[in-house]
Amino acid sequence: MTPPAATSPSRRDRLIGRGWVQAAVLITLFGFFVLVLMGYQTYRSSPPIPERAVTAAGQTVYTGADVRAGQDVFLKNGLMQYGSVFGHGAYLGPDFTAAYLHRSAEIVNRSYGGSDTATRRTVDDFKRNTYDDKSGTLTVSDAQAQAFAALTRHYAEFFAAPEGKTGLRPKAITDPVQIKQLTSYFAWSAWAASTERPGKKYSYTNNWPSEPLVGNTPTADTVVWSVLSLVALIGGTGALFAAFGRWNWLGWHGRDQRELRFREPRSVPLTPSQRATAWFFFAMAGLFLVQTFVGAAGQHYRADLESFFGIPLDRWLPYNLVRTWHVQLSLFWVSVSFLAAGIFLVPMITRRRDPKGQSVLTHLLLGALVVVVLGSLLGELAGMRGAFGKLWSWFGMQGFEYLDLGKFWQILMTVGMAVWVAMLWRGMRHKLAGESRSNLPWLFFFAALALPVVYATGLLTDHGDTYTITDFWRFMVVHLWVEDFLELFTTVMVAYIFVLLGVVREKVALRVVYLDIVLYSAGGVIGTAHHWYFNGEPAEVLALGAFFSALEVIPLTFLTVEAWSFIRLGARQESRSPTPFPHRWAVMFLVAVGFWNFLGAGVFGFLINLPIVSYYEMGTMLTANHGHAAMMGVYGMLACGFAVFALRYLVPRKYWSDRLVSISFWSLNAGLAWMVFVTLMPIGLLQLYHAVDVGYWDARSLAYVGNPTNAVFEWLRLPGDVVFIVGGVAPLLWLAWNAVIHRRRDGAGGRDGLATQPQSAESADAADSREPELALFTEVTDPGGRDA
Amino acid sequence: MRFEAVFLACYALLLVAAAGGLHRLGKMNTSPWRSRVLAGHRRQVPGPPPTDGTDWPHSEAGRLNTLVALVTALSAVTLAIVGLARNHRPIEIAVLGVVAFAAAAAALGLARAFTGGSRARS
């Protein structure tokens, strides 16, 4: 390893070897290079939308304009939050691609007589690619045209059902033109899923979904890359353990010789911007509570489609609306906590007062967040009901799962995050000016900067593009932003908090962060492609996704192994410090993050990651099982941990209750475990079995989802959800409220109050020379007793 | 036995086994220094002072494992009882009854371990 070298006379030395920095940069660049190549392939190889689909006699069945308009109808009505296309979307409604394919194949097969010969003829009908690229014409058989007409009638009845009971609003879509456009969209997706890609023996979707009637079976790529994916996982994990065995300096190690004295929270001074974050944490807890309520409403639809205890909930809050809100709010409340934690941490990192106007900016940011959250949620409600005319995708329901909010709100959200980064810059610029760009303060800033930058790529998702292209950009947010860059920001935040607490040395934290960047860049960036196995991308993308996403499990294993050393660090410092460690419960939330990271993201994630498993599993409750255990278990617990960390300073001692936090901690974990083990996992396993045994389209049908066995599992979830909401979320909301109402009862060291620092100087520069460093929450001393 | 009864019995047994494993893991005072896999740590880094299993946060981290194990075992009890209520053939009653009993015994033991840990702390 190259020894650290000074970067410039005015900056602090680089604390880590040059090799680490080079490895992180090169591997990240390689990851993004491959990602860009895959993007190129996406535009080049996505299934075409024919200008017109005609019969041999020249009768038009549907046009390209119908398909594109059908995609708009699908999105603006929130149908991706009800069912799915190409397996991507929600889990209550059917997969419209698989359902259309199966139903039309049955009709075609019947029209050919239903014999073995008819079956072969049906397969040939669907497999033979009759699309003429030059004329843009797709020629379909008369039988397929008949199937299209029959299914248009079927969807007219389904979407216009006056009695509802499908999870959608009664009479959700009644316009015959829209019904035809929607059916055209489903027909096109079924065509892409069955007809052979030019020059290949499999369809545009790598033969997904499984459908024997049209000869759709797993491809050689799907099987072989599943095997190679396992090899990557086992080999990579072995290499990681070998590295740990060889190099003892990897991972978390404590401050071996120094002693720590933790300050009482009330004696730690807070800046005005830090105190303003009390509102953020209150908003976070409030949004969390609302998210659980709409989640419970969505869950009720799965248990009982008929009514909500006699109330026709689907008239006002149909499933696709409550699920949209549930998904959007999960991102919102976690993001609010992360933003607040960033603002809260800056003065602790810099040990300086706020720059002028920082508190005002913090309040403005909160206001902007409230506007975006309320505006987007109400926009989704109104958009699904047909509001906003041609501007539906700007202000209403843009409709892509996880990117449901209108583009206008999406832009505001991006701008809000950019303002947040600017605020961090204002607070940190003096600190950054004196630091090597490879050190922790810059990594903190870069990780924060990456959040708006990567989120902004989601703006390229355009409802006018082919589905495959829209999905490419959608997963820049769903995977790259959520699973990779939030993870990176998280690692840096946690590392920094531990450095500030004095629990680990900065050098050790830096190594952990760089190792994290290397491991996540190797697996996570290219691994984004594991979402694109069957959505119209070519087989190369499937191969890359399968191989590299298996490597994603390796850092999770690393985190689990390291969780023990991580815990041990806290124990050692607790036993040495003469004052009690104030962050027992914040650390416990981090322990829970480690637990759920391995179970939810690692085990449950890998369970559905192999292409051959995903082929049958995609869009079943095993995906929800992974989603809940990973999103709540990792990011949710982490957001709660950040909140508890900050609230410990924001809530005066008189109003603080460790007992309330402990109730919240145990209830959240117990509720989540119950949700996973009693409902999501058994239902998912049964659904997967059914998909392989009977058929994917049937496993995704409303009839299967609502069967009596499933209903029992769904109802059994109720006690766990009650524990989660009442015992888990409510105490957090109460503590955050206490932080809001008591945050102004200041007075340094005053009775029951919060210590504060003086108001911000007229100019941070002017104050620079005379400003004493803020007292931190930990004093670090060496064994001789000298302050460090 | 019908499919639902077989599934519930097998799944509940799997949960009981997972609960036992999780609880065992929580009780272990493991660390990279003690791990045989990560022998390099032992070789090159002087071991930290021994940590008592009741020291925080070992105690609480172990309790998290025990809590999740307890919830897992309670899930098994619930699912086995629901299976019994819906499947009444003699063989189904016998199998699910045994599974429910095993799961209940596991849940009871885990509940004691969880609340015992709480008392020890206070």
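1. Let's start with the order of elements in chain B: read along its sequence, this chain of the predicted model follows the pattern α-α-α-α. In numbers, that is 4 helices and 0 strands.

2. Staying with chain B, 43% of its 122 residues count as buried. Among the chain B contacts with a separation of 6 or more, 80% are between residues 24 or more positions apart.

3. Helix α12 (residues 407-433) and helix α13 (residues 440-457) of chain A have axes that come within 9 Å and cross at roughly 165 degrees. Angles over 145 degrees count as roughly antiparallel, so α12(A) is roughly antiparallel to α13(A). The crossing of the two, α12(A) and α13(A), is left-handed.

4. Which residues make the contact? From α12(A), they include A:Met417, A:Val421, A:Leu424, A:Trp425 and A:Met428. From α13(A), they include A:Trp442, A:Phe445, A:Leu449, A:Pro452 and A:Tyr455. By class, the contact of α12(A) with α13(A) has 16 nonpolar, 1 polar and 1 charged residues. A:Thr414 and A:Lys431 of α12(A) are also among the residues that make it.

5. Do have a look at the strands of chain A too. Strand β1 (residues 52-55) and strand β2 (residues 60-63) of chain A run antiparallel and are joined by 3 bridges. To find the pairing on screen, pick A:Ala53, whose bridge partner in β2(A) is A:Tyr62.

6. Finally, the turn of that hairpin: 4 residues lie between the strands β1(A) and β2(A), and A:Gly58 takes a positive phi near 95 degrees there.

Key. Residues numbered from 1 in each chain as written. Chains lettered and ligands numbered in written order. Predicted model: local features only at pLDDT ≥ 70, side-chain atom pairs only at ≥ 80, totals over all residues. Axes fitted to C-alpha atoms, helices over the stretch in contact; angles between N-to-C directions. Parallel < 35°, antiparallel > 145°, perpendicular 65-115°, else oblique. Left-handed = near helix turned anticlockwise from the far one by under 90°. Contact = placed C-beta atoms within 7 Å. Nonpolar A, V, L, I, M, F, W, Y, C, P; charged D, E, K, R; others polar. Pairing = 2+ DSSP bridges. Buried ≥ 20, exposed ≤ 12 C-beta atoms within 10 Å, placed from the backbone.
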